[in-house]
Amino acid sequence: MKFILGKDRKQTCLFPVSLEDSIESQNSVRSIDQFVDSLNLAELGFRSDFIENGPPAYNPSVLLKLYIYGYMNRIRSSRQLEKECRRNIEVMWLLESLDPDHNTISNFRKDNAKAIKKVFFATVQIARNFGLIGATLIAGDSTKFRAQNSKKNNFNQKKIQRHLDYIDNKLEQYNKALEQSDSENEKEQINKDIDKHQGRRNEYEKLNAQLKASGEPQISTSDPDSKHLIVRNNITEVAYCVQSTVDADHNIPFDYLVTNKNDSKAMGQMLQRAKTILETNTFTALYDKGYHTGSEFKTANNLGIKTLVAIPGIGRASQAPDPKYNSEHFKYSKENDTYTCPQGNILKSNGSTYKARNYRFKQYKTNTCKNCPVRALCTTSKVNGKVVQRSEFHRYIEANAQNVLQNPDAYKKRQAIVEHPYGTIKRQWSFDHIITKKTMQRASADVGLMFIAYNLTRIWNIIRKTNTSISHAHKACIRFIEAILRDIKVLYEQNLKNQIVEHN
């Protein structure tokens, strides 16, 4: 059986192939080269002036091209990128055969978080120039990226106290054993154990002091800005929470923000940023129930932005024995500032305002609850009867509920819009953790490069697909013209032969 044979490795070529000839014209590496060369890196904030003494520095465009190529090809490690510079012909072409070391590569990402964010906004501007961002329907959500900090190296007050109690218990046991011991060798070993545990106790005391000084509920020792967060259900990780806003037309993210907090207070800030970036407030914003917070609805109302936020279920403690008598079925009268229950009884407020953790509210109740025939179906309270609370943000919450009821089809699009980038980045590319550590700013640089790679890939795929349909018609036209030219050439040659024969 015959096989396809390769070329002899030692054979020399009479006409050697250049790097330029090795890279096809449609290769995405050429698009990366053009994109970075079109940017004014100094204006974006990349450092371009360096001290003359010592070896010359690499142009920031070289390292930015390397990182964009790396993230687009699922390579984030600075050491792995260093290897690619010496063995990958596409990288050799892109960097013109330069090969920076891993420290230089790593420091570039570490030191240019703000500039990388501006490069991301440059990709957003490209999308807008091509009409890929409609700015009429947007969706926001967050995802957790695991940080470079184990759960073991994350501490709260309860965990530190548990360690201190354990060490104190061990020290007490060692002291008793020391008193009862008669062997010098045994006493020496016990003293060593006491010193070791006392040293550990001092470390936990220092952590306790750091925790109190920070004013935070927890601290992380490896990556201080990361926090212990709920990832899904009851699963937790020490992670960063990344907020993003995505346009519905082509699922292109136009904003992201790295945080270490949950979603409850994030919507207002992200909508303010979206209004600034899109330069309009006429769009509709979709969010899930994790963003259902009264103060955030007020912010959205002040911005003039229509929101559709999923309505969370009523907590078990707030449920009536019969769902027909839940507070949502009590009708509010704005003129009288009263509620009317399903039985027709009027619930009034005493005019006092009470303060909860993040908002203020009024309470509404009635004395007729005591003798109401359906009291057992309405409330389990044996003292006060039914009490309805109305927060200062209730009218904004009701306005959102009306928007959701009036636009059920629009809200169903939320998941398909905003989960698309996360699905690609975390599942397809396997970027499910932050590769940098020490500060949130460095984490932001890592996330920024993810979104730059996603946006450029998405934009180029859309443009290529659009141009392909055009180019097919263009190529067909060219083939038709070429066929006519061939026929004309054949006729011309035949006519020329006839003329020669006649002349002879």
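The legends below describe close-up views of a predicted model.

**View 1. The largest pocket and its lining.** The largest pocket holds about 1,600 Å³ of space. Its lining is made up of 43 residues, and those nearest the centre of the pocket are Ile314, Ser327, Gln389, His394 and Ile397. Two or more lining residues come from each of helix 12 (294–303), strand 9 (331–333), strand 13 (360–365), strand 14 (388–391) and helix 14 (394–406). Helix 14 gives the largest share of this lining, with 6 residues. By class, the lining of the largest pocket has 18 nonpolar, 19 polar and 6 charged residues.

View 2. Rolling a probe the size of a water molecule over the atoms shows where empty space is left. In this structure there is 1 cavity of 30 Å³ or more. The volume of the largest cavity is about 110 Å³. It is lined by 16 residues, of which Cys341, Asn345, Cys369, Cys372 and Cys378 are the closest to its centre. The lining of the largest cavity divides into 9 nonpolar, 5 polar and 2 charged residues.

**View 3. Helix 2 and its start.** Helix 2 covers residues 28–37, and its buried residues include Val29, Arg30, Ile32, Asp33, Phe35 and Val36. An α-helix has 3.6 residues a turn, so residues three or four places apart point the same way. At the start of helix 2, Asn27 places a side-chain oxygen within 3.0 Å of the backbone nitrogen of Val29.

View 4. Thr307 is part of strand 8, which spans residues 306–309. The relative accessible area of Thr307 is 6%; Thr307 therefore counts as buried, the cut-off being under 20%. Leaving aside residues up to four places away in sequence, Thr307 touches Met267, Leu271, Ala285, Phe297, Ala300, Asn400 and Asn403.

**View 5. Aromatic residues.** There are 17 aromatic pairs in the structure. One of them joins Tyr332 and Tyr339, with ring centres 5.0 Å apart and 50° between the planes, a tilted arrangement. Tyr332 is partly exposed, at 28% relative accessible area, whereas Tyr339 is buried, at 3% relative accessibility. A single aromatic cluster is formed by Phe46, Tyr67, Tyr71, Phe108, Trp429, Phe431 and Tyr454.

Note on methods: Residues numbered from 1 in each chain as written. Predicted model: local features only at pLDDT ≥ 70, side-chain atom pairs only at ≥ 80, totals over all residues. Heavy atoms only, no water. 1 Å grid on protein atoms, 1.4 Å probe; cavity = no way out; pocket = protein on both sides within 12 Å on 5 of 7 lines; lining within 4 Å. Points joined across faces, edges and corners; volume = space filled by probe spheres on them. Helix = DSSP H or I, 4+ residues; strand = E, 2+ residues; numbered from the N terminus. Nonpolar A, V, L, I, M, F, W, Y, C, P; charged D, E, K, R; others polar. Buried < 20%, exposed > 50% of the residue type's maximum accessible area, 1.4 Å probe, protein only. Polar contact = N/O pair within 3.5 Å; in protein donor to acceptor, adjacent residues only side chain to side chain. Contact = heavy atoms within 4.5 Å. Phe/Tyr/Trp six-rings, centres within 6.5 Å; stacked < 30°, edge-to-face > 60°.
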